[in-house]
Amino acid sequence: MDDDRVWSFEESLWQASQGRYHERVDAECIMALSHAPYLFQGDAAVEAVAGTPEWDEVTFSNRQISRPEEGLIVVGYEVKAEKDDLCFTAACTSVYRRKAHEDWTVVQHAQVAQPKGDGSD
């Protein structure tokens, strides 16, 4: 998957429906999120993010991609997501695993929420 497709894939997850999460988040995925119980796995990971808003605007900065081996992609970035008066900023990582040709799933995702007023806005 080339870099443009990687970022399109990641952005699509920030603006996804619950069905999209079930399609693209691996059954073995582990997520670290900024709300209790903080660590989620499998279906619990999908459910933990399925309740988030379908953001109207998503902006990535400080984007980084690593391909440590064939069929594995690691991304890191800062995100600013907005919907109406709600704004969320975080540093994030995701790991994708290729299951088949052009079939990628998220096997890890982490978000470290950035406090408001930290100068990153």
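Author: A polar contact here is a pair of N or O atoms within 3.5 Å; within protein, one atom must be able to donate a hydrogen and the other to accept it, and residues adjacent in sequence count only if both atoms are side-chain atoms. The model is predicted: local features need pLDDT of at least 70, side-chain atom pairs count only at pLDDT 80 or more, and totals for chains, interfaces and linings use all residues. Residues are numbered from 1 along each chain as its sequence is written, and side-chain values use heavy atoms, with hydrogens and water left out.

The residue is Arg24. Arg24 lies in helix H2, residues 18-24. Helices (H or I, at least four residues) and strands (E, at least two) are DSSP runs, numbered from the N terminus. Arg24 counts as buried because its relative accessible area is 15%. Buried means under 20%, exposed over 50%, and partly exposed in between, with a 1.4 Å probe and protein chains only.

Now its polar partners. The side chain of Arg24 makes a polar contact with the side chain of Asp103, at 3.0 Å. A polar atom of the Arg24 side chain also lies 3.0 Å from the backbone oxygen of Trp104.

Next, contacts, meaning heavy atoms within 4.5 Å. Setting aside neighbours within four places in sequence, Arg24 touches Phe9, Leu13, Asp103, Trp104, Thr105 and Val106. One reference distance: Asp2 is 22 residues from Arg24 in sequence and 17 Å away in space, C-alpha to C-alpha.

Follow Thr105 from that list. Thr105 sits in strand E6, residues 103-113. Its relative accessible area is 4%, so Thr105 is buried. Its side chain makes a polar contact with the side chain of Asp26, at 2.9 Å. Beyond four places in sequence, Thr105 is in contact with Glu23, Arg24, Asp26, Val95, Tyr96, Arg97 and Lys99.

E4 and E5 form a hairpin with two residues between them. Asp84, in that turn, has a positive phi of about 55°.

To recap, Arg24 is buried, and its side chain has a polar contact with Asp103.

How values were computed: Two strands pair if DSSP finds at least two bridges between them.
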